[in-house]
Amino acid sequence: MTASSQHPTSPRPAGPRLRAALDGIPSYAPGRPAGEGPGSFKLSSNENPYPPLPGVLETAVAAAGSLNRYPDLACSGLLAELADRLGVPLEHLAAGTGSVGVMQQLVQATAGPGDEVLYAWRSFEAYPIIAQIAGAASVRVPLNAAEEHDLPAMAAAITDRTRLIFVCSPNNPTGTAIPRADLEAFLDRVPGDVLVVLDEAYREFVRDPRVGDGIELYRERPNVCVLRTFSKAYGLAGLRVGFAVAHPPVAAALRKTAVPFGVSEVAQRAAVASLRSEPALLARVDALVAERERVTGALAAQGWTVPDAQGNFVWLRLGAASAEFAAACEAAGVTVRPFAGEGVRVTIGETEANDLVLRTAAAFRAEHARG
């Protein structure tokens, strides 16, 4: 009698056993690419329409010559440049693979099963994904009627299980930014052992004088962390480099949870070169802000209700018509970012692309008015 006949075997499992916390996690949805042809444009990913700043491409190409070597694990040159520019101690800085990579490290460092991550909704779509990956529960507080963070409601939603709060200002995708006085009043209500992450990916585009700088708020608040990125204003979306400004315990936790060598040498050197090209950066940002004001003014003249846009994009609350509007834009040669049943986010891009959206918006509104 063989061993197999003496001991019947159990059915072979279909595959490896994965964490149940991953069940039902939505995949991050990138913006649709532009269609084919020179007359097609992509306004679906909040990218900068300009090429790299002067000198950055040359720096990146030169850095690529050392691809056979590991990058600087500590991002020493980049963080030293940031420390000097922002006026913060070096040990208060940590870099990562874009600000979204740093977000994931922050959740890993603060929250797990049984904990809660609190944020406004709708806001950046990565928040629920990274919370669920960590096994933490998401607590979503609806935006108010003006598409802004409802900070009193968020403060009321804090419990003894809250470990981390994301505050996105300007908010992606609605574009609204939070006045400093309102944010300070909210921070005063947050317990000191709860980490508040000020996600300021679009900070450079803010023109509302009431909106404060998160770096100033963090200085006297050990439970505040500020996120910034080189993907938007600086135009380095393809290189994946972002950073956090936080007090030493949080910054140290970020270094512990970082993927070793995650920020490439090309990205580090390109980011430094971008910081040193500030006059060109400011000119480009000013041009995009002026174009944003032109687009929002034209949409308002057409009769659209547009929230106060402080990022490099605008938001149209279209509800059930969101997919239809996005399809109309795509037919016109430009892709935008629909959020099913909620609205459409339109990046401020090339003037020609923005004009296509404006013509589509006018025709869409006229058609629906007749209907």
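This is a short tour of one predicted model, stop by stop, for your viewer.

Before you click: residues are numbered from 1 along each chain as its sequence is written, and side-chain values use heavy atoms, with hydrogens and water left out. Since the model is predicted, local features need pLDDT of at least 70 and side-chain atom pairs count only at pLDDT 80 or more, while totals for chains, interfaces and linings use all residues.

**Stop 1: two helices.** Select α4 (residues 98–110) and α5 (residues 126–133); helices here are DSSP runs of H or I with at least four residues, strands are E runs of at least two, and both are numbered from the N terminus. Their axes come within 9 Å and cross at roughly 40° (axes are lines fitted to C-alpha atoms over the stretch in contact, with angles from 0 to 180 degrees between N-to-C directions). Show side chains: Val100, Met103, Gln104 and Val107 of α4 meet a set in α5 that includes Tyr127 and Ile130, where contact means heavy atoms within 4.5 Å.

**Stop 2: a stacked pair.** The cut-offs: rings of Phe, Tyr and Trp (its six-membered ring) pair with centres within 6.5 Å, and planes under 30 degrees apart are stacked, over 60 edge-to-face, the rest tilted. Tyrosine 127 sits in helix α5 and phenylalanine 166 in strand β5 (residues 162–168), 39 residues apart. Tyrosine 127 is buried at 0% relative accessibility, and phenylalanine 166 is buried at 0% too (buried is under 20% relative accessible area, exposed over 50%, partly exposed in between; 1.4 Å probe, protein chains only).

Now widen the selection to Tyr119, Trp121 and Phe124: with Tyr127 and Phe166 they form one aromatic cluster.

**Stop 3: a tilted pair.** Pick phenylalanine 230 and phenylalanine 243, at 5.9 Å centre to centre with 50° between the planes. Both are buried.

Stop 4: In the loop between β5 and α7 (180–189), find proline 170; its peptide bond from serine 169 is cis, with omega near -5°. Proline 173 lies in that loop as well, joined to asparagine 172 by a cis bond with omega about 25°. Last, jump to cysteine 75, a non-glycine with a positive phi of about 50°, in the loop between α2 (56–63) and α3 (76–86).
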